[in-house]
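I opened my notebook for this model and went through it one topic at a time. Here is what I looked up, in the order in which I wrote it down.

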Amino acid sequence: MRRETLLNIVLFALLPATALAAWMLDEPFIITLATKAAILALAGVGLNIALGLGGLISFGHAAFFGLGGYAMGILASHAQSYAPLMESPFLIEGTKSMPVIWLVAIVTSALAALAIGALSLRTSGVYFIMVTLAFGQMLFYFTISWPAYGGEDGLSIYVRNGFPGLNTLDPLTFFGVAFAVLALVLWGAGRLAKSAFGLALSAARQNPERVETVGLAPYRLRLVAFVISGAITGLAGALFADLNRFVSPTMFSWQTSGEIMVFVILGGVGRLFGPVAGAALFILLEHVLGGLSEFWHIYLGLILLLVVLFARGGIVGTIAGREVAHD
Amino acid sequence: MSPILFIEQVLNGLQSGIMLFLMAAGLTLIFGVMGLINLAHGSLYMVGAFAAAAVAGWTGSFVLALAGALAAAAAAGAVIELLVIRRLYDRDHLDQVLATFALILIFSESTRWLFGSFPLYLDVPAALSGPVRLPGGILYPAYRLLIIAVGLVVAAGLFALIARTRIGIQIRAGEADREMIGALGVDISKLYTLVFALGAALAGLAGALVGAIQSVQVGMGEPVLILAFVVIVIGGIGSIKGALVGALLVGLTDTLGSVLLPIFFSSFLEQSSATAVGSALSSMSIYILMAGVLLFKPTGLFGEA
């Protein structure tokens, strides 16, 4: 068995093992931390499709994370107040049902990714980084200045949304829901990377001219990847909002984009389980260092700097060694 | 809206545009010469503002405060160039983004640790705190006029530096062909440190000048940094002229948008929704401007493909 496969199995088992152990020890806070790690890993898996597979350095994925969050916030707040979203031309009511909210979150963020991607992908390199960052910031300022849904203060949802047949108020059950989504998306992302589309996308990252010569359009490949990537991050945003029962413009902030990127890099760019390792480590650092010092971001910054300068390939890369080119 | 109010807003737009230019010029210079995207540029802006507030607190002199801001930001720039940035020149942009993002975390939290979370205040010098009467009877704060003037002088100086001096020739040569000027005997690593410190000093100067109108606090640099990115995307990477034009466009659009759009919407919407739609749209106006430029010229107004 390859070392990376082994590592992936360990990483995959790590979160549910932590949650189960915490449940047995009656530590609901640890279950919440594991849930948070699973959801942030999901956001990272989304970004990793654009970043790792497509080579698209998006510094604006907070836009999709936030849109997913606000899809949940808006729908649930309307269900909470029994006021329909709109009455004409047809009635749209709020909902407290997770599957519906997820669907709305995915569709909304996919559409936003289509618009942002179509514009941003006209550029490349540093321009792309700056343009995606700017579009993320645009949505950030928009949510702050749009008063209907709480503006700067955000929206509180009093009761967690429901999933048919499950009691999502129970921390372990909600962890199970989040982890199941993560597992499903990881499986899909793994399939995607090995599919014809994934191979073409990888090729477009490595050598766009050649891909064009064989008759594929790199722009279109990248745009599709960007949309899939945004949709997954949007789904993660909806789950994250449900975890906190709160959405605010912070979800759109550039720091959020940076943190999602940090999960991917800490874990290992382009590695399927990289974001899982990165998000778990991030939560662990936040918890441990945050307990040691109020200024734990200094240490996080130093660790990040050291990883970038000296441990290229992140955790998965360092432990599992070089990527196998043909698998 | 009265013409006087309009001219005041145009001046405000010019003032914020000029400050953006100081940021964007450093960024675009660093990118042009070293091929580096520096997210920590906003931190250097913050360093300038904090240094100015600290020096002004000790000495009470605004001129010394500005000098302190320039020195502190240039020194901070030179130190991070020597320790971190120079390891990033031949890395890809992803590593550069991540490493400079890490620098932001370190700078912001260290500043919070040193100065606390509460904003500091940097006072406008007494001689400049009043308004000036401009032709046409417009009263405008003297300090903001000074900012515009300082910005224009620095811009002119920068253009002269790049067009006429030996360093400027080396910088332009570095943009054109890095290896060649190394082969011609120019000490590249010294040149890089110099350019980085120059960019940092410009950011620090902007931070100190703006710090006297706004509060000096942790995290003040990043919104400006992102605006400076918008400026560079609009103007074209590596072009100082593009940075100037882009900065003025962004400054004017931002300022005039937030004043004019609510008025425009109130002409056909009721007041409360006009304010809401107007302010929401004006917060997006510069990004819409950027999207427009991208549609027609993906490399920016003065950029080369």
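**Entry 1: salt bridges.** I began with R91(B), which counts as buried at 14% relative accessibility; buried means under 20% relative accessible area, exposed over 50%, and partly exposed in between (1.4 Å probe, protein chains only). R91(B) forms a salt bridge with D95(B), and their closest N and O atoms are 3.1 Å apart. I noted the rule here: a salt bridge is a side-chain nitrogen of Lys or Arg within 4 Å of a carboxyl oxygen of Asp or Glu. D95(B) also counts as buried, at 12% relative accessibility.

Before going on, I wrote down that this is a predicted model, in which local features need pLDDT of at least 70 and side-chain atom pairs count only at pLDDT 80 or more, while totals for chains, interfaces and linings use all residues. Residues are numbered from 1 along each chain as its sequence is written, chains are lettered from A and ligands numbered from 1 in the order in which they are written, and side-chain values use heavy atoms, with hydrogens and water left out.

Next I looked up E81(B), which forms a salt bridge with R86(B) at 3.3 Å between the closest N and O atoms. E81(B) is buried, with a relative accessible area of 0%, whereas R86(B) is partly exposed at 32%.

Then I turned to K190(B), whose side chain meets that of D187(B) in a salt bridge of 3.9 Å, N to O. Is K190(B) buried or exposed? K190(B) counts as exposed, at 60% relative accessibility, and D187(B) counts as partly exposed, at 41%. The count over all chains comes to five salt bridges.

Entry 2: I followed strand 1 (residues 131-134) and strand 2 (residues 138-141) of chain B, which pair in the antiparallel sense over four bridges. Two strands pair if DSSP finds at least two bridges between them. Helices (H or I, at least four residues) and strands (E, at least two) are DSSP runs, numbered from the N terminus. For V132(B), I found the bridge partner Y140(B) in strand 2 of chain B. The two strands form a hairpin with three residues between them, and G136(B) in the turn has a positive phi of about 95°.

I also checked the faces of strand 2 of chain B: I138(B) and Y140(B) make up the covered face, and L139(B) and P141(B) the uncovered one. In a regular strand the side chains alternate between the two faces of the sheet.

**Entry 3: the cavity.** How many cavities of 30 Å³ or more does a search of the whole structure find? It finds one, and about 60 Å³ of space lies in the largest cavity. The terms took me a moment: on a 1 Å grid over the protein atoms alone, a cavity is a set of points where a 1.4 Å probe fits but cannot get out, and a pocket is an open set with protein on both sides within 12 Å along at least five of seven lines; lining residues have an atom within 4 Å of a point. Grid points are joined across faces, edges and corners, and a volume is the space filled by probe spheres set on the points.

Among the residues that line the largest cavity are V126(A), M130(A), L27(B), F31(B) and N38(B). Helix 5 (125-145) of chain A, and helix 1 and helix 9 of chain B, each supply at least two lining residues. By class, this lining has nine nonpolar, one polar and no charged residues. Ala, Val, Leu, Ile, Met, Phe, Trp, Tyr, Cys and Pro count as nonpolar, Asp, Glu, Lys and Arg as charged, and the others, Gly among them, as polar.

**Entry 4: the second largest pocket.** I noted about 770 Å³ of space here. Of its 23 lining residues, S16(B), Q214(B), V224(B), L227(B) and D254(B) are the closest to the centre. The lining of this pocket has twelve nonpolar, nine polar and two charged residues.

Entry 5: I found R271(A) in the loop between helix 10 (254-267) and helix 11 (274-292) of chain A, and R271(A) counts as buried at 6% relative accessibility. R271(A) and L53(A) are 218 residues apart in sequence and 9.0 Å apart in space, C-alpha to C-alpha.
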